[in-house]
Protein chains: 2
Amino acid sequence: MFALVAFALRFTSVVIFLAFSLVALPHANAQTDPLPSWNEGAAKKSITDFVARVTTQGGTDFVPVPERIATFDNDGTLWTEQPFYFQLAFAFDRVKATAPRHPEWKTTQPFKALLDNDMKGLAAAGEKGLLQIVAVTHAGMTTEEFARTVLDWTSTARHPRFHRPYTELVYQPMLELLTYLRANGFKTFVVSGGGVEFMRPWMEKVYGIPPEQVVGSSGVVKFQIGASGKPELMKLPKIEFVDDGSGKPVGINRFIGRRPIFAFGNSDGDLQMLQWTAAGEGARFAGLVHHTDAEREYAYDRSSKFGKLDKAWDEAVKRGWLVVDMKQDWKTVFPFEK
Amino acid sequence: MFALVAFALRFTSVVIFLAFSLVALPHANAQTDPLPSWNEGAAKKSITDFVARVTTQGGTDFVPVPERIATFDNDGTLWTEQPFYFQLAFAFDRVKATAPRHPEWKTTQPFKALLDNDMKGLAAAGEKGLLQIVAVTHAGMTTEEFARTVLDWTSTARHPRFHRPYTELVYQPMLELLTYLRANGFKTFVVSGGGVEFMRPWMEKVYGIPPEQVVGSSGVVKFQIGASGKPELMKLPKIEFVDDGSGKPVGINRFIGRRPIFAFGNSDGDLQMLQWTAAGEGARFAGLVHHTDAEREYAYDRSSKFGKLDKAWDEAVKRGWLVVDMKQDWKTVFPFEK
C-alpha cells in the first residue's frame with residue numbers, strides 16, 4: 001500500500017509539474033520579448049498594441065483567426081533593395097552565365113553594355129533594356145528549371161557591399177514580426193512587385209512563408225507535353241501581371257480573396273495595398289519601413305531610384321500609419337549582426 | 001495526511017484518465033471509419049492506402065506535411081453540375097432580378113429569350129450569348145457587392161429538381177474526403193473553371209476551404225477610389241483567366257506554386273490537372289468521379305454538354321487512375337439523405 005501511495009504521489013508530482021509547465025508556458029512566452037530587435041518606443045508599441053487588440057477574445061476589436069491576414073512587401077520591407085533590386089542582380093548574373101551560348105550578345109544592346117560592365121550604356125537602354133534582360137533570363141525554360149536556377153544563384157551569388165548571400169540581407173526585426181504575427185494566429189503573405197517564381201523557391205526557408213502565400217508579378221506560363229512525353233510548364237517571355245502599385249490590392253483580391261487587416265511596405269509601390277488594408281472595417285494596421293540608416297544598411301526615400309518613398313510617406317503621415325525609422329527603431333538590422 | 005493522499009490519488013486518477021484519453025484518441029480515430037459514405041471496395045481502399053503511404057514516417061513514399069497539396073475540381077466533383085453549371089443558374093437569376101432596371105433587354109437577345117423562358121432562343125445565342133449574360137451579371141459592381149449578391153443567391157435560390165439550395169447539392173463522400181485529407185496534414189484547394197469570386201463567398205462554410213485556397217477563373221478587377229472617397233475593387237466585364245483544361249496546371253502553378261500530390265476531377269476539363277499531378281515524382285493520386293447514378297443524382301459521361309468525361313476517362317484507364325462509380329462506390333450522395 002505504501003508503495004502504491006508513494007508511486008501515486010511521485011506520479012502526481014510529475015503530472016503536476018507537467019500540468020504546471022503547460023499552464024505556465026503562455027505566461028512565460030508573454031514575458032519573453034517577441035520582438036527583441038525592435039527598440040522600445042512608439043513603433044514597437046503600436047505593433048504589440050494592435051496585436052493585443054485584435055486577439056483579445058470579447059474585445060471590441062477582436063478578429064477571428066481566419067481573418068487575420070497580414071501582407072508584406074518584399075524589396076525594402078523584408079530584405080534590402082539597394083544598390084538595385086536583387087532580382088535584377090539575378091538577371092544580370094544570368095546574362096553573364098549564359099553569354100557563351102549567346103555570341104550575338106557581344107554586339108547587341110543592352111547585353112553588350114552589361115557584359116562590358118558599361119553601366120552608362122546599360123542606363124541608356126532604360127527600362128526597355130532592363131525588361132529585355134528580364135525577359136531572356138526568366139523565360140525559355142520550365143518552371144522547375146527556373147526554380148533550380150534561382151536556388152543555385154541564392155547559394156552562390158554575393159551582395160557587392162555586404163559580401164554575403166542575398167538571402168542573408170533580410171531584416172531581423174521583420175523576421176521577428178512575421179513569427180510574432182503567426183504565433184498570434186495571423187497568416188502571413190508576401191505581396192511583392194518581384195517575380196513570383198523568383199521568390200517562391202527560397203521564401204519558405206528564409207521567411208517561413210510557403211509558396212502558396214507568395215503573391216507577385218508573373219510571366220505567361222504554358223502547359224505542354226515535353227520532349228520526354230511528360231507534362232511541363234514552360235515560361236514564356238511575356239509579362240502577365242505586375243503586382244505593384246494598384247496591382248497590389250488587385251493581386252491580394254485575386255490570390256488571397258480577403259482584405260488584409262495588417263500590411264507593411266516601404267515605398268510608393270505599396271501605397272494602394274496600404275490604402276486598401278487601412279480602409280477596411282474594424283481594427284487595421286498599416287506600416288512603412290523608412291530607410292534612415294546609411295551605416296548599417298542604406299538611407300533613401302523621396303528621390304530614390306529603387307524603393308522611392310514619397311506619396312506613401314505623405315499618406316502615412318496624413319492617416320497616422322506607422323513609419324518605422326530604421327536607425328532609431330531597429331536594434332539589429334540583419335541576422336548576422338547578432 | 002490521509003486527506004492529502006486521498007487528494008493525490010483522486011487527482012492522479014483524473015490525470016491518468018485524461019492522459020489515457022489523450023493517448024487513446026488517435027487509436028479511437030483510426031478505428032472510426034473516416035469515409036463512412038464510401039462503400040467498402042477498391043475505390044475507397046485506393047484512397048486510404050494512398051494516404052497511409054504518404055503519411056507513414058520513414059516509409060519510402062512519405063511526403064512532408066507542407067507538400068501534401070490536394071486539389072479538387074468543383075462542378076461535378078464536389079457539387080452537382082446538372083442540368084447546367086450552377087453559376088449559369090446564378091447568372092440567369094440575376095438577369096431576371098435586375099431586368100426592371102434594363103428595359104432594353106425586353107427586345108435584345110440573348111436577354112429577351114431568357115426573360116421569355118425561351119430555351120430554344122437562348123440555345124441559339126450559343127456560347128457568345130452565355131458569355132454576354134455572364135459578363136453583365138458579373139461586372140459593374142465592386143468585389144464586395146458581388147460577394148453579397150452571391151450569398152443572397154445561395155440562401156434563396158433552389159435547384160429545379162431537388163428544390164434545395166444549390167449549396168446543399170454537395171457530395172457527402174467528397175466532404176468526408178476533404179476532412180479526412182486535412183486530418184492527415186493535407187492542404188485542400190479547389191481548382192475550378194468556375195469564377196473565383198462566385199465560389200469564395202460560400203466555400204469556407206460548405207467545404208471548410210478558405211478563400212485563399214480557392215483557384216478559379218477570373219475577370220479583370222480595377223482598383224479605384226470610389227465616390228465615397230474609399231478605395232474599392234471594381235469588377236470589369238472582361239475575362240482575365242480561364243482556369244479550365246490546360247489552364248488548371250497553369251492556375252495551380254500561379255496560385256499555389258507547388259505541384260499537388262493528390263487531385264480529383266470529373267471531366268475532360270480536369271485532364272491536364274490530373275496529368276500534371278500524376279507526373280510528379282513520388283507517390284501521386286489522381287481520381288475521377290464518374291456520374292453513373294441517374295436515380296440519386298445524374299448519369300452522364302462521353303456526350304454530356306456539361307461535365308463531358310471522354311478523353312480524361314480514357315487516360316484514367318490507361319494510367320490506372322481511380323474512376324469512382326458513383327452508383328456503386330457511394331453509400332450516400334448528398335448530406336440531406338442521411
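## Surface and make-up of chain A

Chain A exposes about 15600 Å², and carbon and sulfur atoms supply 58% of that area. Keep in mind as you look around that this is a predicted model.

Turning from the surface to the interior, buried residues account for 52% of the 338 residues in chain A. On the charge side, chain A carries 39 positive and 38 negative side chains. The centres of these two sets lie 3 Å apart.

## Fold of chain A

The C-alpha trace spans about 90 × 55 × 40 Å along its principal axes.

How do the parts of the chain meet? Among the contacts in chain A with a separation of 6 or more, 66% are between residues 24 or more positions apart.

## Where chains A and B meet

Now for the partner chain. The contact draws 42 residues from chain B and 42 residues from chain A. Together the two chains bury about 3800 Å² between them, with 59% of it on carbon and sulfur atoms. On the chain B side, Glu212(B), Phe223(B) and Arg254(B) supply 18% of the area that chain B buries against chain A, more than any other three residues.

Charged pairs also feature here: the count between chain B and chain A is ten salt bridges. One salt bridge to look at on your screen joins Glu204(B) to Arg258(A), where the closest N and O atoms are 3.1 Å apart.

Terms used
Residues numbered from 1 in each chain as written. Chains lettered and ligands numbered in written order. Predicted model: local features only at pLDDT ≥ 70, side-chain atom pairs only at ≥ 80, totals over all residues. Heavy atoms only, no water. Buried < 20%, exposed > 50% of the residue type's maximum accessible area, 1.4 Å probe, protein only. Contact = heavy atoms within 4.5 Å. Areas by Shrake-Rupley, 256 points an atom, 1.4 Å probe, with all protein chains shown as cover. Lys, Arg positive; Asp, Glu negative; His and termini not counted. Charge placed at Lys NZ, Arg CZ, Asp CG, Glu CD. Buried area = accessible area lost by both parts, 1.4 Å probe. Salt bridge = Lys/Arg side-chain N within 4 Å of Asp/Glu carboxyl O.
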